[in-house]
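User: Could you walk me through this one? I'd like to begin with the strands and then move on to the helices.

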Amino acid sequence: MRILITGARGQLGTDLQRSLTDHELIPCTRDELDVTEKHRVYALLKDHRPDAVINAAAYHRVDECESHPDKTFTVNAFGPWHLAMACRMYAAKLVHISTNFVFDGTADRPYREDDLPLPLNVYGTAKLSGEHLVRSTWDRHFIIRTTGLFGHSGGGGKGYNFVEAMIRAGMERREVVVVSDQVMSPTATADLARTLGELVTTDTYGTYHVTSGGACSYFDFARTIFQKTGIETAVKPTSTESYGAPAARPLYTVLDNGRIRSLGIAEMPPWEDALDDYLARRAGHGEEAIGRIP
Ligand SMILES: NC(=O)c1ccc[n+]([C@@H]2O[C@H](COP(=O)([O-])OP(=O)(O)OC[C@H]3O[C@@H](n4cnc5c(N)ncnc54)[C@H](OP(=O)(O)O)[C@@H]3O)[C@@H](O)[C@H]2O)c1
């Protein structure tokens with residue numbers, strides 16, 4: 001297949017390029033394709049005629065989004081809408097990446113694909129709008145909700161990924177304070193990219209939850225990162241309320257990967273194994289290699 005990837009410099013965009021080697025790829029950084037530029041989106045699809053587009057572009061600095069709703073909607077809602085309209089015009093499948101932040105986090109079991117979304121912040125509202133605009137524009141879509149991504153590009157758009165942020169903090173401080181009441185599944189973009197590679201070759205369109213296996217709080221995630229890297233910094237738990245970030249966060253956003261299971265696609269490895277692989281690769285390449293495609 002010929003697959004155009006947006007947000008190609010990001011964590012997922014980078015791992016899609018590493019993973020989808022059986023396909024002809026057209027990776028587009030923001031400089032090459034800004035998804036908010038409708039005419040450019042059409043022009044690129046017209047020129048390249050991809051069989052599929054994977055939209056890994058997003059503006060997701062969640063706290064910043066609260067005070068920049070116009071930009072948040074332009075990138076996360078209208079961007080995917082332009083892509084869906086262009087995909088419809090040129091008959092390309094669209095894989096659009098969404099988020100656990102479409103849910104309010106009050107569930108007492110993992111969220112299923114058909115559970116009612118109810119976002120708590122501007123970012124989640126814009127991402128949910130993007131989902132609706134994709135769904136209502138073009139049937140041949142896959143909407144993929146995922147959580148807590150970590151990948152070797154280092155999370156350029158967001159400014160960090162949690163693993164790198166903790167390692168840096170652990171090397172600089174004696175103690176870090178991390179919320180213990182937000183529970184999700186840390187998810188490796190390397191594994192997510194492989195699953196997307198399988199899904200995109202099918203015609204089983206719709207909404208999917210795709211995460212690494214298992215779940216934990218950010219506090220547990222931080223403790224595990226320190227244990228596995230031998231960093232001796234203490235981790236102190238706090239609550240989301242005490243932490244007092246500008247954007248409200250959903251507390252429990254574990255996603256049931258039921259539809260992926262029902263297709264017979266292999267479930268992704270547990271997050272602890274994915275973290276081992278991430279750290280091994282990090283050690284193998286040296287920190288300076290992170291952020292570049294080998
Ligand atoms: N990271 C998470 O924890 C998380 C959790 C759940 C869902 N998601 C979703 O997963 C997807 C991938 O996330 P990620 O962590 O791989 O993100 P990322 O590393 O921040 O990459 C996002 C990329 O999008 C690019 N971008 C920003 N605005 C753009 C625009 N207007 N047009 C084209 N490209 C643009 C950025 O370009 P620059 O490099 O030039 O800034 C960046 O390379 C996103 O849809 C995100 O909402 C992420």
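User: Which residue in S2 is the bridge partner of Thr 6?
Analyst: Bearing in mind that this is a predicted model, the bridge partner of Thr 6 in S2 is Cys 28. Strand S1, residues 2-6, and S2 run parallel and are joined by five bridges.

User: And what is the strand order of the open sheet?
Analyst: The open sheet is formed by six strands in the order S2-S1-S3-S4-S5-S10, with parallel pairing. Strand S2 (24-28) and strand S10 (206-209) stand at the edges with a single partner strand each, so one side of each has no neighbour in the sheet. Ignoring direction, neighbouring strands of this sheet are turned by 20° against each other on average.

User: What about S4, how many of its residues are buried?
Analyst: Seven of the seven residues of S4, which covers residues 93-99, are buried, so this strand is largely enclosed by the rest of the structure. Both of its faces are covered, with Lys 93, Val 95, Ile 97 and Thr 99 buried on one side and Leu 94, His 96 and Ser 98 buried on the other.

User: Which residues of S4 stand opposite Asn 55 and His 141?
Analyst: Asn 55 stands opposite His 96, and strand S3 (residues 52-55) pairs with S4 in the parallel sense over four bridges. His 141 in S5 has Leu 94 opposite it, and here six bridges join S4 to strand S5 (residues 141-146), again with the two running parallel.

User: Switching to helices, at what angle do the axes of H2 and H4 cross?
Analyst: The axes of helix H2 (residues 38-48) and helix H4 (residues 69-89) cross at roughly 30° and come within 9 Å, and the crossing is right-handed. On the H2 side the contact is made by Lys 38, Val 41, Tyr 42 and Leu 45, and on the H4 side by His 82, Leu 83, Ala 86 and Met 89. Sorted by class, that contact has six nonpolar residues, one polar and one charged.

User: Where do Arg 49 and Ala 91 sit?
Analyst: Arg 49 lies in the loop between H2 and S3, while Ala 91 is in the loop between H4 and S4. Arg 49 has a phi near 45°, a positive value in a residue other than glycine, and Ala 91 likewise has a positive phi, of about 55°, without being a glycine.

User: Buried or exposed, those two?
Analyst: Arg 49 counts as partly exposed because it has 13 C-beta neighbours inside 10 Å, whereas Ala 91, with 12 other C-beta atoms within 10 Å, is exposed.

User: Which residues of H6 are buried?
Analyst: In helix H6 (residues 162-172) the buried residues are Val 163, Met 166, Ala 169 and Gly 170. Seen down the axis of H6, these buried residues fall within an arc of 135°, so they line one face of the helix. An α-helix has 3.6 residues a turn, so residues three or four places apart point the same way. On the other side of H6, Arg 168, Met 171 and Glu 172 are exposed.

User: Last one, which residues does Tyr 278 touch, leaving out those up to four places away in sequence?
Analyst: With that exclusion, Tyr 278 touches Phe 150, Val 163 and Ala 188; Val 163 is also among the buried residues of H6. Tyr 278 is found in helix H11, residues 271-285, and counts as buried because it has 24 C-beta neighbours inside 10 Å.

Methods:
Residues are numbered from 1 along each chain as its sequence is written. This is a predicted model: local features need pLDDT of at least 70, side-chain atom pairs count only at pLDDT 80 or more; totals for chains, interfaces and linings use all residues. A residue is buried if 20 or more other C-beta atoms lie within 10 Å of its own, exposed if 12 or fewer, and partly exposed in between; C-beta atoms are placed from the backbone. Two residues are in contact if their C-beta atoms, placed from the backbone, lie within 7 Å. The arc is that of the directions from the helix axis to the C-beta atoms. Axes are lines fitted to C-alpha atoms, for helices over the stretch in contact, and angles run from 0 to 180 degrees between N-to-C directions. A crossing is left-handed if the near helix is turned anticlockwise from the far one by less than a right angle, and right-handed if clockwise. Ala, Val, Leu, Ile, Met, Phe, Trp, Tyr, Cys and Pro count as nonpolar, Asp, Glu, Lys and Arg as charged, and the others, Gly among them, as polar. Two strands pair if DSSP finds at least two bridges between them.
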